[in-house]
Amino acid sequence: MSSAEDTWSPSALQRERDAYRKRQGLRSLLIAGLSTLVVGGALITAVVSAPGWERTRTTFFNWDKAVESFPAVLAGFWINVQVFAVSALCVLIVGMALAVLKTLRGPVFWPLRALATVYVDVFRGLPLILVLLLVGFGVPALNLTGVPTDPIVLGCVALVLTYSAYVAEVFRAGIESVHPSQRAAARSLGLSGPQSLRYVVLPQAVRRVVPPLLNDLASLTKDSGLISVLGAAIDAVRAAQIETATSFNFTPYVVAGALFLVLTIPLTRLTDRAARRYGAVPGGGHL
Amino acid sequence: MSALLGIENLRKSYGRSVVLRDFSLDVDEHDVVVLIGASGSGKSTLLRCIDLLETVDDGVIELQGRDITDPRVNADEVRSRIGIVFQSFNLFPHLTVLDNITLAPRKVHGVPAELARERALVTLERVGLKDRADAYPDHLSGGQQQRVAIARSLVNDPVLMLFDEVTSALDPELVGEVLAMLRDLKSEGMTMLVATHEMGFARQVADHVCFLDGGRVLERGAPEQVLGEPTQDRTRQFLRRIIEAGRL
Ligand SMILES: Nc1ncnc2c1ncn2[C@@H]1O[C@H](COP(=O)(O)OP(=O)(O)O)[C@@H](O)[C@H]1O
Ligand SMILES: [Mg+2]
């Protein structure tokens, strides 16, 4: 216990150590700053002095064109945001359901388990663009009544089909990383199987997989741009394409890219924060 | 049969290795029965079978006169009448001490959150950990964690408590506080089945000591007899090894 009359002041040795650390820190900072300046400067000089720079600047970084195309691209981007939000929610729900199905034990659940396994194998193995084209053009061609033909809805369906397969595996890894003794402890208290899963296993599993999960979601934001292959949906990428086609100026693509970054970079920062907050949940119940 | 717990001709195997064979054991109400035996002799397996965490191959386990190995009984209900405490505590790391204790009352017995909380705090006060109610298990010492684990299994008001080497994972100076809790429980009349290597504790607290060997109870008797003048060679060998390890 330290008392009020604790009048510690650092010894000469400690003061010397502190001074040394401070000098070292300053030196590192100086070296880092200088090398960044040198490398950055070299890169900028290289790009700007390139023979094609003037043309690149006018075709990709044309301010007037950027301002002009911004409203259309932004309107398209709003579709991306909606597609992302809806798909992400469905992906989390379907992925969790698949993961739980895959971890069910006992012969009674064999058909469900097999179904979930086949689903994951198939949709994790198919390229997303293929699923998009098959669902986006195949489903309307069936001419079924009651089945949506809106390309945006079908695009979401394709994204959910593919991404829920990935997310299911992430959740399953989390569930299996929870030590069996946790389930045993829950059951011994009288909790039923589903209750043990709901209150003991899943909360620990989800916290452990927050970082890889947000990684998949960041990837989903970008792939929401792929629904533009279905044509009719004018999302940010498609809007940029239309703007470009009229003027042969590629600036709208840069605008669309910047908008995606505005969405994905905060998501990545959020991932890091969440990983620090939840990812470090102690596990297992062992010493 | 009037025993609180009656086990008859129990058999349990994992694959080809038979852990318990023709195993029989009675535990009367308010009795403390201590199980001793070499590592791998099946103490943990027996306790897990009694708590229905394992399905048995054959035989009968009766709790309060009812066969609980019958597949028609509600296993969750049986488990909530038996408390078990494990060697490795197995607290839920994502829940606070208080939530660890109130989880079963709230979810299994439908106790309102406020009442569950009050009861949990009373239990925590008894084990001297009321001030740590909002801490997470990882911020507690091993001895404190094990006391919380015992408190957690007590809030269900079990009729039988099972302890599986609850002090084996603890530093020597923390063993005492956990054993003191077991002594308190005995003085309150709790029926207990305790697997342990703490021979001193067995001597003081046990009504009966059972030596497990070869899948059954090889020797059973008062602690002074089994630990002092064992009749079986295997028991003598086991005790000699324990003495050599400095645990008696
Ligand atoms: N889940 C299991 N699967 C296979 N074998 C097991 C399992 N649990 C225990 N055993 C085996 O059963 C025997 C008894 O183990 P256990 O009951 O843990 O003994 P004790 O608690 O007395 O040390 C050991 O040989 C062990 O290897
Ligand atoms: Mg054991």
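Q: Which residues do ring pairs link into a cluster?
A: Ring pairs link A:F60, A:F250 and A:Y253. This is a predicted model, where local features need pLDDT of at least 70, side-chain atom pairs count only at pLDDT 80 or more, and totals for chains, interfaces and linings use all residues. Residues are numbered from 1 along each chain as its sequence is written, chains are lettered from A and ligands numbered from 1 in the order in which they are written, and side-chain values use heavy atoms, with hydrogens and water left out.

Q: How many aromatic pairs does the rule give over all chains?
A: The count is seven. Rings of Phe, Tyr and Trp (its six-membered ring) pair if their centres lie within 6.5 Å; planes under 30 degrees apart are stacked, over 60 edge-to-face, and the rest tilted.

Q: Why is the pair of A:F60 and A:F250 called stacked?
A: The ring centres are 5.4 Å apart and the planes meet at 20°, so A:F60 and A:F250 are stacked. The pair ties together parts 190 residues apart in sequence, because A:F60 lies in helix α2 (residues 53–60) of chain A and A:F250 in the loop between α9 (236–247) and α10 (251–279) of chain A. Helices here are DSSP runs of H or I with at least four residues, strands are E runs of at least two, and both are numbered from the N terminus.

Q: What makes A:F250 and A:Y253 a stacked pair?
A: Their ring centres lie 6.2 Å apart and their planes are at 15°, so this pair is stacked.

Q: Why is the contact of A:E176 with A:R172 called a salt bridge?
A: A salt bridge needs a side-chain nitrogen of Lys or Arg within 4 Å of a carboxyl oxygen of Asp or Glu. The closest N and O atoms of A:E176 and A:R172 are 3.4 Å apart. Both residues lie in helix α6 (residues 151–177) of chain A, four residues apart, so about one helical turn separates them. A:E176 is partly exposed at 47%. A:R172 is partly exposed at 22%.

Q: Which salt bridges does B:E54 make?
A: B:E54 meets B:K12 at 3.8 Å, N to O. B:E54 also meets B:R48, at 3.1 Å.

Q: What makes B:K12 and B:E54 count as buried?
A: B:K12 has a relative accessible area of 6%, so B:K12 is buried. B:E54 has 17%, so B:E54 is buried. B:R48, at 25%, is partly exposed.

Q: Why is B:L227 called buried?
A: Its relative accessibility is 5%, so B:L227 counts as buried. B:L227 lies in helix α8 (residues 223–228) of chain B. Leaving out residues up to four places away in sequence, B:L227 touches B:I36, B:M199, B:A202, B:R203, B:V209 and B:L239. Contact means heavy atoms within 4.5 Å.

Q: How many residues of chain B are in contact with chain A?
A: 25 residues of chain B are in contact with 23 residues of chain A. The buried area is about 2,100 Å², and carbon and sulfur atoms give 63% of it. Buried area is the accessible area (1.4 Å probe) that two parts lose on being put together, summed over both. In chain B, B:P93, B:H94 and B:K107 lose the most area to chain A, together 27% of what that side buries.

Q: How many salt bridges does the rule find across the interface of chain B and chain A?
A: The rule finds one. B:D76 forms a salt bridge with A:R187, with the closest N and O atoms 3.1 Å apart.

Technical notes. Buried < 20%, exposed > 50% of the residue type's maximum accessible area, 1.4 Å probe, protein only.
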